[in-house]
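Thank you all for making the time this morning.

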Amino acid sequence: MKIRYELLDKSKRKSPPSKVEGFGQTRTNHMFMVDFENGEWKDPRIIPYNKFPMSPGAVSLHYGQNIFEGAKAFKHSNGEIYVWRWEENAKRLNHSAYVTMMAQIPVELQTEGLLRLLDVERDWCPEEPESSMYIRPFMFGTEDTLGVKASSTYTYCIMLSPSGAYYKGGFNNAVTLLITEKYHRAVSGGTGTAKTGGNYSASLLPAAHAYSKGCAQVLYLDATNQYVEEAGTMNHYHVMDDGTFIIPEFNDSILRSTTSSAVLELAAMGKVKARQEVVEVKKFLSDIKSGKIIEAGGFGTAAVVSPVGKYMFDDGSTITVGDGGVGKHSRALYELYMGMQVGSTPAPEGWLTKVERYEQK
């Protein structure tokens with residue numbers, strides 16, 4: 001499909017910030033949009049970043065029919081921009097669309113829209129350590145109806161946000177997670193594998209509970225409180241005393257992190273030691289106490305690798321992993337992964353997509 005350009009006059013465009021502040025706070029000048037109507041996607045376009053004209057009766061506003069993704073692009077030392085494992089995000093968005101009864105959008109259309117948008121905004125891609133161009137694709141139902149049904153019309157949009165580290169202090173700040181039996185992220189048979197807004201809305205109260213206790217996030221257990229599942233914005237991992245990363249086995253109540261999937265692929269290539277297991281809470285805690293588990297943390301697009309130094313319980317007691325700091329295995333994986341993203345370490349074939357320089361019309 002031919003993408004239409006409707007760009008701001010250069011004199012009206014905002015300039016990129018001299019330094020990125022925090023995560024997800026800044027917007028570039030333009031966004032990509034395409035609409036679904038009468039069974040097909042229409043009018044792909046790059047337009048100025050602005051508010052949406054939207055019906056008050058739109059299905060997404062009343063019944064939560066919306067999905068999103070998170071990806072990153074990086075400027076390499078050669079001055080070119082590369083997107084990291086974008087196809088995995090595009091595929092996962094379509095999985096989320098399936099779970100929430102939304103229209104499928106071709107991966108090729110998602111990719112073309114993203115690459116052309118990044119080309120328009122290439123001056124916004126930051127180069128500071130631990131920074132990236134954060135990519136937020138999302139889709140929402142737009143049909144004006146109060147009947148509880150899937151929308152017949154949709155809008156897909158990509159916006160860009162030059163961003164720094166997700167957590168204050170970045171990778172070197174080991175966080176504390178709250179283990180609680182009070183809240184659960186998802187249950188079997190639900191929408192846990194979809195990156196949909198309703199799942200994140202349901203996480204706000206548990207997150208506030210965690211923050212009130214000085215924790216970064218909740219480490220969610222399954223509905224029976226027997227097994228470790230994932231944290232609020234990332235998959236969980238722990239490291240055994242032989243250096244093996246253990247990731248809880250994916251099920252229908254865990255969102256499959258593209259970062260976790262990448263780590264497992266690296267393990268298959270022999271670059272790291274990692275595998276998946278069903279992680280029983282009691283054994284997990286026992287292995288921390290005995291020293292069999294020496295490190296822990298989370299995998300996710302935003303933070304990449306987020307080391308965990310402590311776990312807290314609702315009664316305020318804590319348990320420390322290793323020495324409570326950033327472990328050598330987590331650090332080595334983080335440096336390997338970040339090195340591949342920024343181009344200082346060779347990445348597996350197909351993991352990086354170069355942003356071409358297109359003629360803008």
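Let me begin with a convention: a crossing is called left-handed if the near helix is turned anticlockwise from the far one by less than a right angle, and right-handed if clockwise. What you see is a predicted model, in which local features need pLDDT of at least 70 and side-chain atom pairs count only at pLDDT 80 or more, while totals for chains, interfaces and linings use all residues. Residues are numbered from 1 along each chain as its sequence is written, and side-chain values use heavy atoms, with hydrogens and water left out.

By that convention, α2 passes α3 in a right-handed crossing, where helices (H or I, at least four residues) and strands (E, at least two) are DSSP runs numbered from the N terminus. The contact, meaning heavy atoms within 4.5 Å, is made by residues including Trp-86, Ala-90 and Leu-93 of α2 and Val-107 and Leu-114 of α3. The two helices pack at an angle of about 130 degrees with their axes 10 Å apart, the axes being lines fitted to C-alpha atoms, for helices over the stretch in contact, and the angles running from 0 to 180 degrees between N-to-C directions. α2 and α3 are therefore oblique to each other, given that under 35 degrees counts as roughly parallel, over 145 as roughly antiparallel, 65 to 115 as roughly perpendicular and the rest as oblique.

Turning to the cores, a nonpolar core is a set of buried Ala, Val, Leu, Ile, Met, Phe, Trp, Tyr and Cys residues joined through side-chain atoms within 4.5 Å; buried means under 20% relative accessible area, exposed over 50%, and partly exposed in between, with a 1.4 Å probe and protein chains only. The largest such core has 36 residues, and Trp-41, Ile-135 and Tyr-156 have the most contacts inside it. Its largest share, seven residues, comes from α3. A second, separate core of 26 residues includes Phe-74, Ile-254, Leu-264 and Val-326.

Is Ser-132 buried or exposed? This residue, placed in strand β7, counts as buried because its relative accessibility is 2%. Among the residues that Ser-132 touches, not counting those up to four places away in sequence, are Lys-72, Phe-74 and Ser-161.

Finally, Asp-252 lies in the loop between β13 (245-248) and α6 (258-268), and at 35% relative accessibility Asp-252 counts as partly exposed. The C-alpha atoms of Asp-252 and Gly-190, 62 residues apart along the chain, are separated by 7.4 Å.
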